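Opening the notebook on this one. I wanted to look up some strand pairing and some charged side-chain contacts.

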Amino acid sequence: MNHVIKICLSAASLVTLASVAHADDYQLSHNQRISCSRGLAPGKLNTATCKSYTYLFNTKTSEYFRCQVSLALTRDNKEVINVQTDGGCTKKPRIFETDGHYDFDATETEPPNTNSFFGPGGYSVWAADVTTQKVRGCIIISSGLGSDISKCLDMTFQ
């Protein structure tokens, strides 16, 4: 249970850092998700694995980071045997070429066995220049061949 509390505190620290960094033009995405799975291992062991992600976005440059945290818990019928945690943030490229004042949101596909065709799935990113009527939508998917495929499109307004 202490490990679960540590994971929650780590996530809370990320949110706190994001709010402190807000003065530095950073924004935390508003649609964090968590997915969990359970499996049985030999010897009547149960394993539960949970993953959560969020995005940290630079509202001036349109660069962003994909952040993920995971926890794997293995137990038998009497006690917790092992708890492992992992996580970190990966820097992604700019969405817009020039600096500005941007807003941002992102979402991901469900776990790999539902919506993905080639690999672990993908995600979509939406960014808008809040000083003008400019919106860009991007879809990033795993090609299954090593590198992700990323395409962005500027929205037209009618």
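My entries on strands and salt bridges follow.

Ground rules: this is a predicted model, where local features need pLDDT of at least 70, side-chain atom pairs count only at pLDDT 80 or more, and totals for chains, interfaces and linings use all residues. Residues are numbered from 1 along each chain as its sequence is written, and side-chain values use heavy atoms, with hydrogens and water left out.

**Strands.** I took strands as DSSP runs of E, at least two residues, numbered from the N terminus, and called two strands paired if DSSP finds at least two bridges between them. I found β7 (residues 122–129) antiparallel to β8 (residues 134–142), with eight bridges. A hairpin of four residues connects β7 to β8, and Gly122 sits opposite Ile141. On to β9 (residues 148–154): β8 runs antiparallel to β9 through seven bridges, and Gly137 has Leu153 as its bridge partner there.

**Salt bridges.** My cut-off was a Lys or Arg side-chain nitrogen within 4 Å of an Asp or Glu carboxyl oxygen. That gave me five. I checked Lys91 with Glu63, closest N and O atoms 3.7 Å apart. Lys91 is in β5 and Glu63 in the loop between β3 and β4, so this pair ties together parts 28 residues apart in sequence.

Next I looked at Arg136 and Glu97, at 3.6 Å, N to O. Arg136 is in β8 and Glu97 in the loop between β5 and β6, 39 residues apart. For burial I used under 20% relative accessible area as buried, over 50% as exposed, and partly exposed in between (1.4 Å probe, protein chains only). Arg136 is buried at 9%, whereas Glu97 is exposed at 62%. I also noted a salt-bridge network linking Glu97, Arg136 and Asp154.
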